[in-house]
Amino acid sequence: MIPVGFVLPPDEATLDILGAFLEEEPDIFEVAPETLWQQVEGRLHTNDYHALFLSMGRRSGQRFLAHGVGYSVGGGGSAAEVYRRAQWRAAMARDQALFQFLWYTDHLGITAPAGQNTALPLPLPMTAEAAECVRLRLDEMSTVVPVVGIENPASHFVCGNPLDEPAFIRSVLQNPSRRLLLDLANVFAMASNLGFDAEEYLAALPLDQVIEIHMAGGTDSDPRWLPGGRSLRLDGHDGPIPPEVWRLLDVALPRCSHLRAIVLERMEGTIADSDVGLLREEMRRLRSCVVKQAA
């Protein structure tokens, strides 16, 4: 049966609230590698969450997935970027020996141009050169964790027609051993903000290469942020999964023939005691979707 998992939040208060939930509900844990480290004198060292999450996995027997935002899979070949990625891979190699990640994915985009951290991924030009750059970064990642892939983005702008992005993703993943993490909340957010049909976008993606699906909620931005008063859909992971994302799951699930996990995302600091019941319901609904699909 396809496991249904949860992203471990690097926040003590949130972990306290989720205590029993994390022991009882997830079939698998996902962690962001960068939440396991701290930078000291230019080098990456483990932090307190590293030991805590590792102990949670050992105690529960759950396996781990790695999903990062910081490797900068669209990054180039400047000396600063090459050095930074080497540091990243060295830290990942140390962690792989302990966590035994089943696979390692990162966001499609660039997060460290010239070695400077942008925190969130910037979109790439949808060109053959950019696709080749991402393929090279995936090759680098696979020297540490053999199974690697990218997540479809939730960009607020794109360098071209957003409906050309699935073809670009196909180009990036032309090696059939490379995988796609399909984030359905991202598809919904981009379709809402950029005005395209989410199902048309979804149909053009290489769904046969999807290894994992992310499900999450979000919120709309404050209309005071933009001069025209427009709100944007934010990839905030800070609320319940909306009906539109559940509908996209119904559409996508039968087409993801190599799916190996579904993971619920919820951002640390956005969970109150009153939210735990909802998270349990969402986990169980996801599990029922898997059972229904397998029947």
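# Briefing: a buried glutamate, salt bridges, pockets and cavities

Glu25 counts as buried, at 4% relative accessibility. Buried means under 20% relative accessible area, exposed over 50%, and partly exposed in between, with a 1.4 Å probe and protein chains only. This is a predicted model, in which local features need pLDDT of at least 70 and side-chain atom pairs count only at pLDDT 80 or more, while totals for chains, interfaces and linings use all residues. Residues are numbered from 1 along each chain as its sequence is written, and side-chain values use heavy atoms, with hydrogens and water left out.

**Salt bridges**

- The count comes to 13 salt bridges, each a side-chain nitrogen of Lys or Arg within 4 Å of a carboxyl oxygen of Asp or Glu.
- Glu25 has a salt bridge with Arg280, with 2.9 Å between the closest N and O atoms.
- Arg280 sits in helix 10 (residues 276-294) and Glu25 in the loop between helix 2 (19-24) and strand 2 (28-31), so this pair ties together parts 255 residues apart in sequence.
- Helices (H or I, at least four residues) and strands (E, at least two) are DSSP runs, numbered from the N terminus.
- Arg280 is also buried, at 17% relative accessibility.
- Arg284 forms a salt bridge with Glu25 too, the closest N and O atoms being 2.6 Å apart.
- Arg284 is in helix 10 and Glu25 in the loop between helix 2 and strand 2, so the pair links parts 259 residues apart in sequence.
- Arg284 is partly exposed, with a relative accessible area of 48%.
- Elsewhere, Asp220 forms a salt bridge with Arg233, the closest N and O atoms being 3.5 Å apart.
- Asp220 lies in strand 10 (residues 219-220) and Arg233 in strand 11 (residues 233-234), so the pair ties together parts that are 13 residues apart in sequence.
- Arg233 is buried, with a relative accessible area of 15%.
- Shared partners join Glu24, Glu25, Asp27, Arg280, Arg284 and Arg287 into one network of salt bridges.

**Cysteines**

- The structure holds zero disulfides, a disulfide being a pair of cysteine sulfur atoms within 2.5 Å.
- Cys133 is in no disulfide, and the nearest cysteine sulfur, that of Cys159, is 14 Å away.
- Cys133 is buried, with a relative accessible area of 16%.
- The sulfur of Cys256 is 13 Å from the closest cysteine sulfur, in Cys289, which is too far for a bond.
- Cys256 is buried as well, with a relative accessible area of 7%.

**Pockets**

- Pockets and cavities are found on a 1 Å grid over the protein atoms alone: a cavity is a set of points where a 1.4 Å probe fits but cannot get out, a pocket is an open set with protein on both sides within 12 Å along at least five of seven lines, and lining residues have an atom within 4 Å of a point.
- Grid points are joined across faces, edges and corners, and a volume is the space filled by probe spheres set on the points.
- The largest pocket has a volume of about 850 Å³.
- It is lined by 36 residues, and the closest to its centre are Val69, His107, Leu120, Asp235 and His237.
- Strand 2 and strand 5 (63-68) each supply at least two residues of that lining.
- The lining of the largest pocket has 18 nonpolar, ten polar and eight charged residues; Ala, Val, Leu, Ile, Met, Phe, Trp, Tyr, Cys and Pro count as nonpolar, Asp, Glu, Lys and Arg as charged, and the others, Gly among them, as polar.
- The second largest pocket holds about 300 Å³ of space.
- Of its 13 lining residues, Gln39, Leu44, Arg84, Trp88 and Asn117 are the closest to the centre.
- Helix 4 (79-99) gives the most to this lining, with five residues.

**Cavities**

- There are two cavities of 30 Å³ or more.
- The largest cavity has a volume of about 80 Å³, and its lining residues include Leu108, Met126, Cys159, Glu165 and Phe168.
- The second largest cavity holds about 50 Å³ of space, with Arg233, Leu234 and Asp235 among its lining residues.
- Helix 7 (184-194) gives the most to the lining of the second largest cavity, with three residues.

**Strand 7**

- Both faces of strand 7 (residues 148-151) are covered: Val148 and Ile150 on one side, and Gly149 and Glu151 on the other, are all buried.
- Strand 6 (residues 104-107) and strand 7 pair in the parallel sense over four bridges; two strands pair if DSSP finds at least two bridges between them.
- Val148 in strand 7 is the bridge partner of Tyr104.
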